[in-house]
Amino acid sequence: MVDYVRAQERRTGWFLTIPALLVLALVFAYPILRAFWQSFFTINLGNQLTPAFNGLGNYIRMAQDGRFWNTLWNTTIFTVATVSLELVLGMGIALVLNQSFKGRGIVRTIAILPWALPTALIALAWTWIFNDQYGVVNDLLLRLGLISTGINWLGDPTLAMISVIIADVWKTTPFISILLLAGLQSIPGDLYEAQAIDGASPWQSFRQVTLPLLLPQIVIALLFRLAQAFGIFDLISVMTGGGPGGGTETVSLYIYSTVMRYLDFGYGAALVVVTFLLLVLVVAIATFFLNRSRKRASGAV
Amino acid sequence: MDKKLELVDLRKQFNAKVVPVKNVSLSVGSGEFLTLLGPSGCGKSTILRLIAGLEQPTSGQVLINGKDVSRLSPGDRNIAMVFQSYALYPHMTVRENIASGLKLRKTPSGEIQTRIQDVTDFLGLHDLMDRKPGQLSGGQRQRVAVARTLVRRPDVFLLDEPLSNLDALLREHVRAELKQLFGTQNTPVVYVTHDQTEAMTLSTRVAVLNNGYLQQLDAPERIYMEPANRFVAGFIGSPQMNFLQVPCESRRAIVGNHPIPLPRGANMPTEITLGIRPEHVHLAQSDHEPALDGQVFLIENLGMHNLVSVRIQGQGEPITVRAIVGIEHRLAIDSTVRLAFPPESIHWFDVSTGDRIQTASDSTSVVSPSVTPTSVTS
Ligand SMILES: Nc1ncnc2c1ncn2[C@@H]1O[C@H](COP(=O)(O)OP(=O)(O)O)[C@@H](O)[C@H]1O
Ligand SMILES: [Mg+2]
């Protein structure tokens, strides 16, 4: 027998989804496909922006492009450092916020403020904080007698990377902690009471109950942050502009320069394609773990 | 070794207004099954949590095997608890759930294996061992929760309304099973419920609580036969006991035209509360028994019997008396009936305190706690 109701519902469903699919195709699929197409051409000032077919030329150039590998390395460092720091700190803050104490509501609101502020503003603020002449960091260190002359934080490649990592951690940790807090609150309290009766220490309870049951939220946070950190642009652009000497230049900044400054559209497109594929790969791996952990936490596996 | 749990003058105050446990003292020995019974919010769970150490008493002590454990953390008390929600770990298999407590206590793995084997044999859990709680039915989860406490071989078992999440049929089945199970453990069991049937069928002794006060601590049959006060009388037994306030004259209660001699324990009251269970009220057969006339206004079919509600015109407001009457008496709404109150089935209570007034047939030592302040609910 044909299920008429079901069939009709399915048709309505498609009908309702078509506008969204069209929009997606326009703003998502089209630019990517176009970038993919362009990446096989040379389009730059050298040929007056007239596309000339170049085969895999752009990709071969990329493989030999030291600056590209450097930015990829920077991006990886930045991503790994920020995401792991934010997860650990965010977990700590979430655990504290999950306790009941006086004024918890206010503390929660304050905790999320850094995330609610615009990135450009925060980046400017941190630029001043790390300023070698007037920055509060140097001022504090000088007063404490830990250093005798101001450190040029944003003037040294390693220190500059540390500075942008600190700024990003400060901005994004609240987001992680709120996400994890929601997960913590969904864990029934009597599981911890059962643990206490069985003689578990807080650390054992954390390992045996909190961590496994929080895994879905942790993986979601990881997924979000991986994608975001990998594409980091605004914060670094304002704080260091990728400097000094390319010390904080990430892939996004390099793409921006290639396209907007050097007007090298073909090569820029190839960069976009490679970055995009890398990101898809990372997200796919993370999603795989997300689904598995979700099933495990809900007891379906 | 004999195991023993004692509560000494235990009190818990959450804040100025909320005092859910008021100076409760009791003791439970090996092989005893004590039920804390009372309406919702009377402090049953709080007592259990005080025993477990999940709450700290405001004053008083918890003693296990004679040792004061009031200041010990829950893990150091060697108790095991079945939670109302079962509190199974959703990400662990049944086997891991059952083993978790033993692993935390660093039990040798060989010992864990044997104990789990024993318990799975005992409860017939073999087919479920590799499933997760999410894949179990309510009844199965409940068994796993029980198994998790049994393997621990604790000094005290605590159970907080373990049957309340099961449907009625299953509840009856599991109830019988629990009785057998814990009967073999030779360990004190404290069981919390608001369901009097569970309390009556499972327990060796029942502690009736109201408002944080211990109302009566007795064997189930005594709780039913000789309720210590009006609250217990009204709480135990279904349908509820009838209460009538009747005038007294020279040590006799006037019920209709037939004065009933008051029990010895009574002083010279002008009024007394008469309590009688619906199953003991019957239709008057002769003119020579204490009886009252009234009008039938509701008939509820209970199968073999009808529960008949009768409105009796007293001196003041009309009162309602309910009686269980065989269906062979074909009563009709609005018909007039004469309800008889056999004197031997009557419970007497003090009008002002609500306390039971002892009768000649009472067992000599009614050990009801003296603390029953204003337990009368009108
Ligand atoms: N942590 C707490 N803080 C304040 N009040 C509480 C707390 N726990 C329980 N109560 C109050 O104590 C009373 C008794 O609760 P409980 O022991 O859970 O009753 P029950 O007999 O239904 O198990 C209730 O009025 C409840 O609201
Ligand atoms: Mg309760």
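Modeller: Let us begin with burial: a residue counts as buried when its relative accessible area is under 20%. Please bear in mind throughout that this is a predicted model.

Biologist: What makes helix α1 (residues 44–52) of chain B mostly covered?

Modeller: Eight of the nine residues of helix α1 of chain B are buried. They are B:Lys44, B:Thr46, B:Ile47, B:Leu48, B:Arg49, B:Leu50, B:Ile51 and B:Ala52. The residue that follows α1(B) is B:Gly53, with a positive phi near 90°.

Biologist: What share of chain B as a whole counts as buried?

Modeller: Of its 378 residues, 52% count as buried. The secondary structure of chain B comprises eight helices and 21 strands, and the C-alpha trace spans about 75 × 45 × 35 Å along its principal axes. Among contacts in chain B with a separation of 6 or more, 66% come from residues 24 or more positions apart.

Biologist: How is chain B divided into domains?

Modeller: Domain 1 of chain B covers 4–225 and domain 2 covers 240–371. The C-alpha centres of these two domains lie 38 Å apart.

Biologist: Why are helices α2 and α4 of chain B called roughly parallel?

Modeller: The axes of α2 (residues 94–104) and α4 (residues 138–150) of chain B come within 8 Å and cross at roughly 30°. Angles under 35 degrees count as roughly parallel, and α2(B) is therefore roughly parallel to α4(B). The crossing of α2(B) and α4(B) is right-handed.

Biologist: Which residues make the contact between α2(B) and α4(B), and how do they divide by class?

Modeller: From α2(B) come B:Val94, B:Asn97, B:Ile98 and B:Ser100, while α4(B) supplies B:Val144, B:Ala147 and B:Arg148. By class, the contact of α2(B) with α4(B) has four nonpolar, two polar and one charged residues.

Biologist: Turning to chain A, why are α8 and α9 called roughly antiparallel?

Modeller: The axes of helix α8 (residues 189–197) and helix α9 (residues 202–230) of chain A come within 10 Å and cross at roughly 155°. Angles over 145 degrees count as roughly antiparallel, so α8(A) is roughly antiparallel to α9(A). The crossing of α8(A) and α9(A) is right-handed. Its contact involves A:Leu191, A:Tyr192 and A:Gln195 of α8(A), together with A:Gln204, A:Ser205, A:Gln208, A:Val209, A:Thr210 and A:Leu213 of α9(A). Those residues divide into four nonpolar, five polar and no charged.

Biologist: How do you know that A:Thr71 counts as buried?

Modeller: The relative accessibility of A:Thr71 is 0%. Buried means under 20%, so A:Thr71 counts as buried. A:Thr71 is found in helix α3 (residues 66–98) of chain A. Leaving aside neighbours within four places in sequence, A:Thr71 is in contact with A:Glu249, A:Thr250, A:Val251 and A:Tyr254.

Biologist: Where is A:Thr248 found, and why does A:Thr248 count as buried?

Modeller: A:Thr248 is found in the loop between α10 (234–239) and α11 (251–261) of chain A. With a relative accessibility of 0%, A:Thr248 counts as buried, since the label requires a value under 20%. Apart from neighbours within four places in sequence, A:Thr248 is in contact with A:Asn74, A:Pro157, A:Ala160, A:Met161, A:Val164, A:Ile236, A:Thr240, A:Gly242 and A:Gly243.

Technical notes:
Residues numbered from 1 in each chain as written. Chains lettered and ligands numbered in written order. Predicted model: local features only at pLDDT ≥ 70, side-chain atom pairs only at ≥ 80, totals over all residues. Heavy atoms only, no water. Domains from an automatic or database assignment. Axes fitted to C-alpha atoms, helices over the stretch in contact; angles between N-to-C directions. Helix = DSSP H or I, 4+ residues; strand = E, 2+ residues; numbered from the N terminus. Parallel < 35°, antiparallel > 145°, perpendicular 65-115°, else oblique. Left-handed = near helix turned anticlockwise from the far one by under 90°. Contact = heavy atoms within 4.5 Å. Nonpolar A, V, L, I, M, F, W, Y, C, P; charged D, E, K, R; others polar. Buried < 20%, exposed > 50% of the residue type's maximum accessible area, 1.4 Å probe, protein only.
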